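Here's a quick tour of one protein model, one topic at a time. Keep the picture open beside you as you read.

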Amino acid sequence: EAILLDDDGYVAEGAGENIFIVKNRKIYTPMKGAILPGITRNSVTQIAKDNGTKVVEKKISVKELKNADEVFFTGTAIEIRSVVKIDGRKIGDGVSGPITLSIKEEYSRIIRGQNKKYKKWLTYV
């Protein structure tokens, strides 16, 4: 998967996904403006905040990306997907990290209607 940069050389997004990094138990994501808005991105941001994890929108350098503890993509098609290697270099321990897994599990419960707090996010057909 490609990781796209903005006009200033900062991390923007994947080819069809939004990107997040985790460093020191805080989540960082590129600022709005150079990225496509994402429903899943917004959902993940809210889930993280509701679980007490700080989420910061900021410019993310390639160096910060490669030195992150965890990296994950979000999108409608992929939901939440860990990035465990960039340019052949392991991210963190080279496996899905605990914050990514926690958010992924909560998101999965929500979209299956198993968390009443987020029922308003669902439309039943």
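Let's start with Thr100, which is buried because its relative accessible area is 2% (buried means under 20%, exposed over 50% and partly exposed in between, using a 1.4 Å probe and protein chains only). Thr100 lies in helix 3; helices (H or I, at least four residues) and strands (E, at least two) are DSSP runs, numbered from the N terminus. Keep in mind that this is a predicted model, where local features need pLDDT of at least 70, side-chain atom pairs count only at pLDDT 80 or more, and totals for chains, interfaces and linings use all residues. Residues are numbered from 1 along each chain as its sequence is written, and side-chain values use heavy atoms, with hydrogens and water left out.

**Around Thr100**

- Leaving aside neighbours within four places in sequence, Thr100 is in contact with Glu70, Phe72, Ile80 and Ser82 (contact means heavy atoms within 4.5 Å).
- With Glu70 there's also a side-chain to side-chain polar contact, at 2.6 Å.
- A polar contact is a pair of N or O atoms within 3.5 Å; within protein, one must be able to donate a hydrogen and the other to accept it, and residues adjacent in sequence count only if both atoms are side-chain atoms.

**Helix 3**

- Helix 3 covers residues 98–111, and its 14 residues reach 20 Å from first C-alpha to last, close to the 20 Å expected at 1.5 Å a residue (the expected span is 1.5 Å times one less than the number of residues).
- Which residues of helix 3 are buried? They are Ile99, Thr100, Ile103, Glu106, Tyr107 and Ile110.
- Seen down the axis of helix 3, these buried residues fall within an arc of 135°, so they line one face of the helix (the arc is that of the directions from the helix axis to the C-beta atoms).
- They pack against strand 3 (18–23), strand 4 (26–29), helix 1 (39–50), strand 6 (70–75) and strand 7 (79–83).
- Just past the end of helix 3, you'll find Gly113 with a positive phi of about 75°.

- Five strands make an open sheet in the order 5-4-3-6-7, with mixed pairing (two strands pair if DSSP finds at least two bridges between them).
- Strand 5 (55–57) and strand 7 are at the edges with a single partner strand each, so one side of each has no neighbour in the sheet.
- From one strand to the next, the twist averages 30° (axes are lines fitted to C-alpha atoms, for helices over the stretch in contact, and angles run from 0 to 180 degrees between N-to-C directions).
- Strand 3 and strand 6 run antiparallel and are joined by five bridges, with Ile19 partnered by Phe73 in strand 6.
- Strand 6 and strand 7 are antiparallel too, again with five bridges, and here Phe73 has Arg81 as its bridge partner in strand 7.
- Helix 3 lies across strand 3, strand 4, strand 6 and strand 7, running at about 165° to strand 7.

**Helix 1**

- Helix 1 has 12 residues and spans 16 Å between its first and last C-alpha, close to the 16 Å expected.
- Its buried residues are Thr40, Arg41, Ser43, Val44, Thr45, Ile47 and Ala48.
- Just after helix 1, Gly52 takes a positive phi of about 85°.
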